[in-house]
Amino acid sequence: MRGRPVQRLITADQVLPGPAGQRIPDGAVLVDGAEITAVGPRTEVEPQAGPEAVRHRAATVLPGLINAHVHLVWDAGFGMLERFRAADDAQVLLGVAGRAQQALRAGVTTLRDLGDRDGLVLRVRDAIAAGELAGPRLLGSGPPLTPPGGHCWFFGGEVSGPDEIRARVDRNAELGADVIKVMASGGQMTPDSAPTWQNQFGPEELALVVRQAREHGLPVAAHAHGTAAIEAALEAGVDSLEHCSWQAEGGEGQDLRDDLAREIARRGTAVCHAYPPDWAGFARITGQEGARHAVERVRWMDEFGVRFVPGTDGGLPTSVFDDFAGALGYYVEAIGWSPARVVELATSGAAEALGLAGVGRLAPGFAADVLAVDGDPLADFAALHRQRLVLARGTAVTPDAALG
Ligand SMILES: [Zn+2]
């Protein structure tokens, strides 16, 4: 896989370096091996390319996309949980690798996986990083912490009491986790576990998870549907709130607390809404009111300046890995944010929220994670689907869209 470093010159009608408001008309990006070496007006960058440089041309070039919440061990079909539980490690590893590659061929150059079995995703991450396998940059949590029989217990992260909490965090760190995931509230897909609105851990237990993660220098992502779980996780000092759906005690309706939203914004805690690519279909399943509430709470948090990071909960039924552009369309079409803001959300914004240095921007010294598309996504967001080239740390991948 790993060959001689290749120089690539990508010229385009416009270069979007990542942050909203930045746009270089008639621009170019120069890549040397795994790194970007120059970005700017074409007339300045083109002369820096050597005669051997591989040349690409596109309408728009932007950083590769970042999906901050997936589960690569699941196959996104109905019955995925039964298939996962019946699969041996070899089968799971192949599935993880294949789905990571699917995501890459749809323009996603970084994926954060928030729950697997025995750190299998971390082994695929290492194989990709070693150049043994094509794929996006992976970050993974390994088995999430959950009480015995709690939400997603089958990943193997069941803990009861402080000693087991410490031991599980230590074990995940040993597996090579990039982040510690804790199921602060119940969830939808585990029969006989706590309902989604209910806390699974007490405040001291969550604080212990965070302290122990810090011992290893790791951030903490908390799955939190209920307002009570959001409050407890925030107090504990977690780095991101996954789902963050503000469910009221008892599960009836939303409990939107201004004081908490203000505090989430003040602390810079990232919120990952985790909404699937087929959000319109999902809205039909959750019903009119559920869909309206989801939009309302994102807009409401936004008023306080909460930092968002995009994710899809990929792997759950219908949450496919190869349509992240569709998932981003939610923020433009349903929430009403500008395409420029959503491009930032999925590139430089996500990289900063996840603490990824040297990723998520088109700038010299940054990783050569690049997406080239036909058309102008700032004018027509659907252009993000018309993908022509993906570079993952400088390695060229032909997107599925370019073949269709
Ligand atoms: Zn999830």
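This is a predicted model: local features need pLDDT of at least 70, side-chain atom pairs count only at pLDDT 80 or more; totals for chains, interfaces and linings use all residues.
Start with the metal. Three protein residues donate atoms to the zinc ion: His69 through NE2, His71 through NE2, and Asp313 through OD. These donors lie 2.1 to 2.2 Å from the zinc ion. Along the chain, their spacing reads H-x1-H-x241-D. Where do His69 and Asp313 sit? His69 lies in strand S5, which covers residues 65-70. Asp313 lies in the loop between strand S12 (307-308) and helix H10 (324-335). The pair therefore ties together parts that are 244 residues apart in sequence.

His69 has 0% relative accessibility, so it is buried. Asp313 has 8%, so Asp313 is buried too.

Stay in the loop between S12 and H10. Ser319 has its place there. With 2% relative accessibility, Ser319 counts as buried. What does Ser319 touch, apart from its neighbours within four places in sequence? Its contacts are Ala76, Pro276, Pro277, Thr312, Asp313 and Gly314. One of these, Asp313, is also a zinc donor.

H10 is mostly covered, with 11 of its 12 residues buried. The buried residues include Phe324, Leu328, Tyr331 and Val332. Which elements cover them? The cover includes S5, strand S6 (108-113), helix H9 (279-303) and helix H11 (339-346). Just after H10 comes Gly336, which takes a positive phi of about 95°.

Now look at how H9 meets H10. Two packed helices are described by the angle between their axes and the distance between the axes. The axes of H9 and H10 come within 11 Å and cross at roughly 60°. H9 and H10 are therefore oblique to each other. Their crossing is right-handed. Which residues make the contact? On the H9 side they are Trp279, Ala294, Val295, Val298 and Arg299. On the H10 side they are Gly326, Ala327, Gly329, Tyr330, Glu333, Ala334 and Ile335. Several of these H10 residues are buried, among them Gly326, Ala327 and Tyr330.

H9 also holds Thr286. Its relative accessibility is 36%, so Thr286 counts as partly exposed. Compare Thr286 with Gln22. The two residues are 264 residues apart along the chain. Their C-alpha atoms are separated by 37 Å.

Another pair of helices is worth a look. Helix H6 covers residues 203-215, and helix H7 covers residues 227-236. How do H6 and H7 pack? Their angle is about 40°, and their axes are 8 Å apart. That makes H6 oblique to H7. The crossing of H6 and H7 is right-handed. H6 brings Leu206, Ala207 and Val210 to the contact. H7 brings Ala232, Ala233 and Ala236.

The zinc ion takes its protein donors from His69, His71 and Asp313.

Terms used: Residues are numbered from 1 along each chain as its sequence is written. Side-chain values use heavy atoms; hydrogens and water are left out. Donors are N, O and S atoms within 2.8 Å of the metal (3.2 Å for Na, K and Ca); water is not among the atoms, so sites may look incomplete. Helices (H or I, at least four residues) and strands (E, at least two) are DSSP runs, numbered from the N terminus. Buried means under 20% relative accessible area, exposed over 50%, partly exposed in between (1.4 Å probe, protein chains only). Contact means heavy atoms within 4.5 Å. Axes are lines fitted to C-alpha atoms, for helices over the stretch in contact, and angles run from 0 to 180 degrees between N-to-C directions. Angles under 35 degrees count as roughly parallel, over 145 as roughly antiparallel, 65 to 115 as roughly perpendicular and the rest as oblique. A crossing is left-handed if the near helix is turned anticlockwise from the far one by less than a right angle, and right-handed if clockwise.
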